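User: I'd like a close look at one helix pair in this model, with a bit of context around it. Here it is.

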Amino acid sequence: MASRSVKPARRAAPSGLPFHSRFTDVAIKAGLKHPVIAGHSDRCDYIIEAMSCGVAFFDFDNDGWLDILVLSGSRFDDPPATASNRLYKNNRDGTFTDVTEKAGLFRTGYAYGVTVGDYNNDGFEDLFITYYGQNVLYRNNGDGTFTDVTKEAKLWSDAPRFGSGCTFVDYDRDGNLDLFVANYLVFDYAAVPRAGSSGSCNYKGILVNCGPRGLPYGRHSLYRNNGDGTFTDVTEASGIGKVEGGFGLTAVAADFDNDGWPDIYVACDSTPSLLFRNNHDGTFTEEALERGAALSEDGMEQAGMGLAVADFQLDGSLGILKTHFEDDTVALYLSNGKGSFREMAMRSGLGVETRYVSWGVGAADFDNDGAPDVFWVTGHIYPEVDKKLPRSLYKAPRVLFRNLGQGKFEQLIGVAGPDLEVPHCSRGCAFGDFDNDGDVDIVVVNQNEPPSLLRNDVTSGHHWIKVKLTGVKSNRSAIGARVTARYGDRIQAQEVMAQSSYLSVNDRRLHFGLGASTSVDIEVRWPAGTVEKFTNVGVDRLIHIKEGAGIIEQQTWRRS
Amino acid sequence: MGLLCAQKPAVEQAWDLLAQDKRSEAVALLRAEIGKHPANAEARLLLGSILAEAGETAEAIAHLREGVRLQPKAAMAHNALGEALTDAGDIAGARDSFRKAVELDPQFAQARENLGLALLQLGDLAGAAEQLDRAIRLFGDKEDAAYARYLRARVHTESGELEKAETQLRRAVTLRPAFPEAWSDLGQVRENLGDDKGALAALQRAVQLNPDGAVAQTRLGSLYLQLGKPQEAVTHLERAVRLSPDNQTALNSLQLALREIGETEKADRVKAQLAEIFRKRDRASQTALAAVRLNNEGAELEKKGNLAAAVEKYRAALELNPEHAGIRVNYAVALLRLGQWERGLEELRTAVRQEPSNETFRKALEDALAQAPASVRRPNLR
């Protein structure tokens, strides 16, 4: 892991504005009980234990309520037999039921990333999960069960890999979801010194697990969906394979240059991050350095872990926020609308927080005031720091920033409820409205603890709208669709994505806070390229838009 | 003249020679004097200072240590030793010498400034602040206080007290207007305070005073880029890269600025330079980890009693990463266990030189010397 050892930016005077959002951790009451195993609570022997995993909010049974898939890692010594990914079905009353075994998803091992999408366009969301060892594609059978179809889909690899980021993306816009997979590094027990052993790696005088520096890069892959349930490895043909690599973690696919085609961005740990620009002909060109999205403002590599993609400036273009190691700021890459970026963490106010190792991150409008706020989770990579380095916290609080507008953010400490201050060692987190009450809740992976489920309760009376999309000519999950909302004097773009945060998946129903606006104009640009516009849409509701068929359903929920 | 000189004490003669810019003659004279009179503290202190200034730190430190031993109450002597130790990179040792100097002479402003700097380098911000505040008071409102104020600003910056840092830096450049580093830091602090106009003015002044200041050129160029003035940025960033070819900040800002003004080919060449830096770092990391792996294999072999094979592994590890003092100690100890005293002791001495403040290494050398046959011992641990 690399840190720039930067000093935090100066905090501006508090805005004094109220923040009408409170988070309460309801995980235990909701039934999210299984701990996520990641090494031991006091040590991680190898880097494969320490990186841990993501989580997904998705509706596997199409009942309109978000279910939760929590991944799990393991440990080298004494791996618990119950350390499996867990699927929790939403009971629609604030509680969940563990249906892992019934769904056929029990699997031990080192899981890292997840992407959700309907790869076979049958109307049910499928899963792809990366592992150290063998990645897995699960087909959703539509009856509450999943089948491992990795081999028949031709995604099997004979050689073990350290899969990390993964995202479904229809890169050729043919209506079938393709698959990008990042690999973190090449790991071999026999070749990597174990933490604490004589001559193991050293962090500030403490013997710790080795990597990523010094280990060979993982190689990133692209698989084209053949439309018949199988995939073809197009890594070389697409140009993805031309890139030497980088310690790739979270991968996001979105249209970063507003040309209508999905690009792919990969947060890289300790190496320059990668931006694969879509050339519209089945190939990509990696241009992160050229486009100003690879490094910090001062030209340094950072320990890229998590990613949030949002219209931070409310100008109709997507920017990228990337989380990093302690003693470093996040990176905020703001777009010029043409695919080039300027890193603005220090100038935006986000650079005031440098204390924690930071992971899963999201930009969502938590208080529905009409602008995306920022939330990220934290936790050190080395459990060993707890006893030996007083300034480094293995378990640390959550981080929340309010969007003040005009590219400025303000950190909120102790404002959005005490449960955000409870320290955990966290990794992935996902953002979605699990209780269908018109706001954005958060589920968080905590290492060697059960997850947190942070229920958001908004008291502002601000309005909101959620947009659910179903593709017809486009892929059915509508991954890559761009929704632009106009409300009051504001404009905000969002895209349906299949991975972000840290190796995690958010609710794919797009949520827009609208402030005081009582109507909104919605424009949908479908992945296939067609654009549909809906004017003067009512607020405080979920609208379901089907490609070519308009708004096919509206659900008016109680305002939270 | 020769007769007159002969009647003067050697130290005075040396001073005369230095005044005539005859440094080597002065050094020769002082060496001869010390050869004749080893207890001549003044000669040792002057010789040590001359050698330190010339970068001959090892011999300088030896003379200054002896000078301090002979004149333990001389604050100047402790200060001179501290400065030589600073030059040698032994900041902790330097701190102790400066501390002794200010204990002996609490009004010794230069020693307080030096102590403040050493404490700052060692991360003791509170201690550094105290010493620098006292140095500033002792220097008074004169040009001599400019450097202490510049350092005090650094402490404020490290503590996140940017407004206070700005005040100190403004005072520093008032006292010494031709102080480019202070102007440069003033620019940086103002940028962090959101005062882009003030930052620009200060950085422009810094590069005007010292066009060869790579840091100021980088800061000014990067600020121009942030402010949407890529053409102006390019001028300063190109100069920064010429001055400091491995400067990642300058290289990255330069390739971005060149693209913004349409100089894509030039930008690609700069990007290639930047990429080469990343590749070099990767290679170095891989080599370092391979060395650790070989070292571990050596340790395993040693545990199994196969000392000869272990030595070979340690040697190979050290070849890959000669800077790793821990591996060197393993190698040395294995050599000693094989009875190869001379090579083992030499490796231990090297490890101690690599990490002079590592007490474990020092103790290992002392123990080894105590057990070594008389024929291979050398008394000096340094």
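At what angle do helix α19 and helix α21 of chain B pack, and how far apart are their axes?

Analyst: Some ground rules. This is a predicted model, where local features need pLDDT of at least 70, side-chain atom pairs count only at pLDDT 80 or more, and totals for chains, interfaces and linings use all residues. Residues are numbered from 1 along each chain as its sequence is written, while chains are lettered from A and ligands numbered from 1 in the order in which they are written.

Now your pair. Helix α19 of chain B covers residues 325-337 and helix α21 of chain B covers residues 359-371; they pack at an angle of about 15°, with axes 11 Å apart. (Helices are DSSP runs of H or I with at least four residues, strands are E runs of at least two, and both are numbered from the N terminus. Axes are lines fitted to C-alpha atoms, for helices over the stretch in contact, and angles run from 0 to 180 degrees between N-to-C directions.) α19(B) and α21(B) are therefore roughly parallel to each other, a label for angles under 35 degrees. The crossing of α19(B) past α21(B) is left-handed, that is, the near helix is turned anticlockwise from the far one by less than a right angle.

Who touches whom? From α19(B) come B:Ala325, B:Val329, B:Val333 and B:Leu336, and they meet B:Phe361, B:Ala364 and B:Ala368 of α21(B). Contact here has C-beta atoms, placed from the backbone, within 7 Å. By class, this contact has seven nonpolar residues, and no polar or charged ones. (Ala, Val, Leu, Ile, Met, Phe, Trp, Tyr, Cys and Pro count as nonpolar, Asp, Glu, Lys and Arg as charged, and the others, Gly among them, as polar.)

Zooming out, chain B has 21 helices and zero strands. Its C-alpha atoms fill a box of roughly 70 × 65 × 45 Å along the principal axes. Of the 382 residues in chain B, 47% are buried, with 20 or more other C-beta atoms within 10 Å of their own, again placed from the backbone. Among chain B contacts with a separation of 6 or more, 41% link residues 24 or more positions apart.

As for the partner chain, the contact takes 24 residues from chain A and 25 residues from chain B. The side of chain A that touches chain B has 11 nonpolar, seven polar and six charged residues.

Methods:
Angles under 35 degrees count as roughly parallel, over 145 as roughly antiparallel, 65 to 115 as roughly perpendicular and the rest as oblique. Two residues are in contact if their C-beta atoms, placed from the backbone, lie within 7 Å. A residue is buried if 20 or more other C-beta atoms lie within 10 Å of its own, exposed if 12 or fewer, and partly exposed in between; C-beta atoms are placed from the backbone.
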